[in-house]
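I opened my notebook to look at how this chain packs. Here is what I looked up, entry by entry.

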Amino acid sequence: MATMTSLIGLINKIQRACTVLGDHGGEGMSLWEALPSVAVVGGQSSGKSSVLESVVGRDFLPRGSGIVTRRPLVLQLHQTEGGTDYAEFLHAPRKKFTDFAAVRKEISDETDRITGKSKQISNIPIQLSIYSPNVVNLTLIDLPGLTKVAVEGQPESIVEDIENMVRSYVEKPSCIILAISPANQDIATSDAIKLAREVDPTGERTFGVLTKLDLMDKGTNALEVLEGRSYRLQHPWVGIVNRSQADINKNVDMIAARRKEREYFETSPEYGHLASKMGSEYLAKLLSQHLERVIRQRIPSIIALINKNIDEINAELDRIGRPIGVDSGAQLYTILEMCRAFERVFKEHLDGGRAGGDRIYGVFDHQLPAALKKLPFDRHLSTRNVQKVVSEADGYQPHLIAPEQGYRRLIDGSISYFKGPAEASVDAVHFVLKELVRKSIAETEQQKLWKNFVMKAGKQF
């Protein structure tokens, strides 16, 4: 049986294939939308980027004021046994990035390739895979930060456009919502929680994350939120301590930042009793395990949708014609396969079981004998005509035993009478055979359609 780790990897491969084929959600029964994923939702400056970088253990996301994330970033994490951390983009599959500053630049450049240098947004995702021994197998989708006011250079519709994009992801039943809220703001004003409450009122799909715990005013804490008393979810809240701006400016190592985060919770008088269930490392493991469970639950529906798409594509290929192999071996195989199928159907028409052979039999059993019976043999082989033909054939040379030349003339004359009925019979058989060829070609194509349908119906994932 496939392990859950391989299941996440399989979903990642399907997701990448969907992106390559232009399926990134929003169009009817999209396979991309049916795949389980974790969408990261939060307001601008809520700490989304810091949470993602803490989970990855690398500083790789663009930073700045205003809207920095202008396209969805599908982040696929792959745990390796060892070796150097590296990243790959789907739009540059043969290039490995070991310098994560270059990853940050490539995200910005790829965003600009679609949106230009403007501050517009696009729903076409960027697909990024990171391979590292310091991550868990997980897929996260970083979405643009929710905002309340359009700033200089942004269209007035940007607030609504971002919310609509984020909502298109989180309202899907297969989506796990990672709602990011800063601890130094009232949870009642959280953009992420407000949206999550609308699309997931029971809280079954929502994981709450509280950032910036270390920036709260002295004498205050976030225990009511973390312990679920302020706003209850089906899953536990997780607290995160982000790197400070000073740490970011100094390029503090993310592994050291994780260690510092653990020490904060372990030594905190307010959060010490929750230390084992706090921090970015715990959050990553929690999400990975939950994603595995959701994938396992949704496997039947994913298989059904994949098979449905396969059937629709095969039907479309049968309508427009399937591709022919480019090499001579593939072309020869295709030709022979078509000939074998045609031969089988054509033979069934001739040998019996289907209409066709009986009509040819009728030509020789009824049409030809009836035409032969109408031939004037009684006149041609009359005594007077035979005597006349024999006499003319022998001339002045008497025959000793039989009038051989005369018989030959009689036979040749009789055979000439057969020419008309014989040609008519050949034409009739030729007409029947042409009809059978056309019918056999049509039935061969129909059998291919049924064969494909039966194979798909009986196939198991």
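Before the first entry, I noted a definition: a crossing is right-handed if the near helix is turned clockwise from the far one by less than a right angle, and left-handed if it is turned anticlockwise. I also reminded myself that this is a predicted model.

**Entry: a helix pair.** I looked at helix α5 (residues 158–170) and helix α6 (residues 191–199), whose axes come within 11 Å and cross at roughly 50°. That angle makes α5 oblique to α6. I then checked the hand, and α5 passes α6 in a right-handed crossing. On the α5 side, I found Val-166, Arg-167 and Val-170 making the contact, and on the α6 side Leu-195, Glu-198 and Val-199. Sorted by class, this contact has 4 nonpolar residues, 2 charged and no polar ones.

**Entry: the cores.** Next I asked which residues have the most contacts inside the largest nonpolar core. They are Phe-60 and Leu-128, in a core of 88 residues. Helix α10 (residues 280–320) gives this core its largest share, 10 residues. Apart from it I found another core, of 7 residues, including Phe-346 and Val-363.

**Entry: around Phe-60.** I set aside the neighbours within four places in sequence and listed what Phe-60 is in contact with. Among them are Leu-128, Phe-100, Ile-130 and Arg-104, and also Leu-52 and Glu-53.

**Entry: helix α3.** Leu-52 and Glu-53 sent me to α3, where both are among the buried residues. Helix α3 (residues 48–56) is mostly covered, with 9 of its 9 residues buried. Just after α3, I noted that Gly-57 takes a positive phi of about 85°.

Methods: Residues numbered from 1 in each chain as written. Predicted model: local features only at pLDDT ≥ 70, side-chain atom pairs only at ≥ 80, totals over all residues. Heavy atoms only, no water. Core = buried A, V, L, I, M, F, W, Y, C linked by side-chain atoms within 4.5 Å. Buried < 20%, exposed > 50% of the residue type's maximum accessible area, 1.4 Å probe, protein only. Helix = DSSP H or I, 4+ residues; strand = E, 2+ residues; numbered from the N terminus. Contact = heavy atoms within 4.5 Å. Axes fitted to C-alpha atoms, helices over the stretch in contact; angles between N-to-C directions. Parallel < 35°, antiparallel > 145°, perpendicular 65-115°, else oblique. Nonpolar A, V, L, I, M, F, W, Y, C, P; charged D, E, K, R; others polar.
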